[in-house]
Amino acid sequence: LKTSGDHLLSVIQEILDLSKIEAGRMEINRAPFDVRALVEGVAEIFRFPAREKGVYIGCAVAQGLHPTALGDECRIRQVLMNLAGNAVKFTHAGEIRISVGPAAAAQGSALLLRFEVSDTGIGIPADKLDMIFAPFTQADASNTRRYEGTGLGLAISKKLVELMGGEIG
C-alpha cells in the first residue's frame, strides 16, 4: 500500500509540475548552492537501490570547480533525481556516475555547468532519442509495463532545464 501510494503521489506531482510549466507558472530561483553537496546528495539517495541490484553508483566533481554555483538548486536536484532514478531503473549491472564540471562555453563572465548522469544500462536506440523528452512517451512501450513509469520525468526535466537557460540531451 505504501509503495502504491508513493507511486501515485509521484505521478500526481509530475502532472502538477507539467501543468505549472505549461501554464507558465513555474518559478525558477537563483541562489548560491553547494555543487558538491548537491551531486553527492543525489548519489547518496540512490546508493541503496543501486546496491540492491549490484550496481555501483558514484559521483565526480571536476577538480578546481568553484564549490558554489548560482542557480535553482531544487530544480537542478529534481532533474538529477529523475535522471539518476532512470539510470537505476534501467541499469542491471555495472555502474552509474553523476558528474559535474564546467560546460565548454561560458556566457559572459558566468560559468556554465554541465551535469551528467551516465550508466551501463540498456541504453536508448538512436532512432528513439528525439522522442524520449515528449510527455507520456517512452523509448519502448513494452518497457512501460516492465519498468513502470508515466513518461513524464524526462519531459519535465527538459522543460525545467530550458527554463533555467540550459540544454538536455
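Which side chain meets Arg-114 in a salt bridge? Glu-116 does, at 3.1 Å, N to O. By salt bridge I mean a side-chain nitrogen of Lys or Arg within 4 Å of a carboxyl oxygen of Asp or Glu.

A word on the model. It is predicted, so local features need pLDDT of at least 70, side-chain atom pairs count only at pLDDT 80 or more, and totals for chains, interfaces and linings use all residues. Residues are numbered from 1 along each chain as its sequence is written, and side-chain values use heavy atoms, with hydrogens and water left out.

Back to the pair. Arg-114 is exposed at 52% relative accessible area; Glu-116 is partly exposed at 32%. The cut-offs: buried is under 20%, exposed is over 50%, partly exposed is in between, with a 1.4 Å probe and protein chains only.

The whole structure has six salt bridges. Another one joins Lys-159 and Glu-22, at 3.1 Å, N to O. This pair links distant parts of the chain: Lys-159 sits in helix H5 and Glu-22 in helix H1, residues 2–22, 137 residues apart. Helices here are DSSP runs of H or I, at least four residues, numbered from the N terminus. Lys-159 is partly exposed at 26%, and Glu-22 is exposed at 53%.

Now stay in H5. Glu-162 and Lys-158 form a salt bridge at 2.8 Å, N to O. They lie four residues apart in that helix, about one turn.

Last, Ser-157, also in H5, residues 153–163. Buried or exposed? Ser-157 is buried, at 2%. Leaving out residues up to four places away in sequence, Ser-157 touches Val-79, Asn-82 and Ile-168. Contact means heavy atoms within 4.5 Å.

Methods. Helix = DSSP H or I, 4+ residues; strand = E, 2+ residues; numbered from the N terminus.
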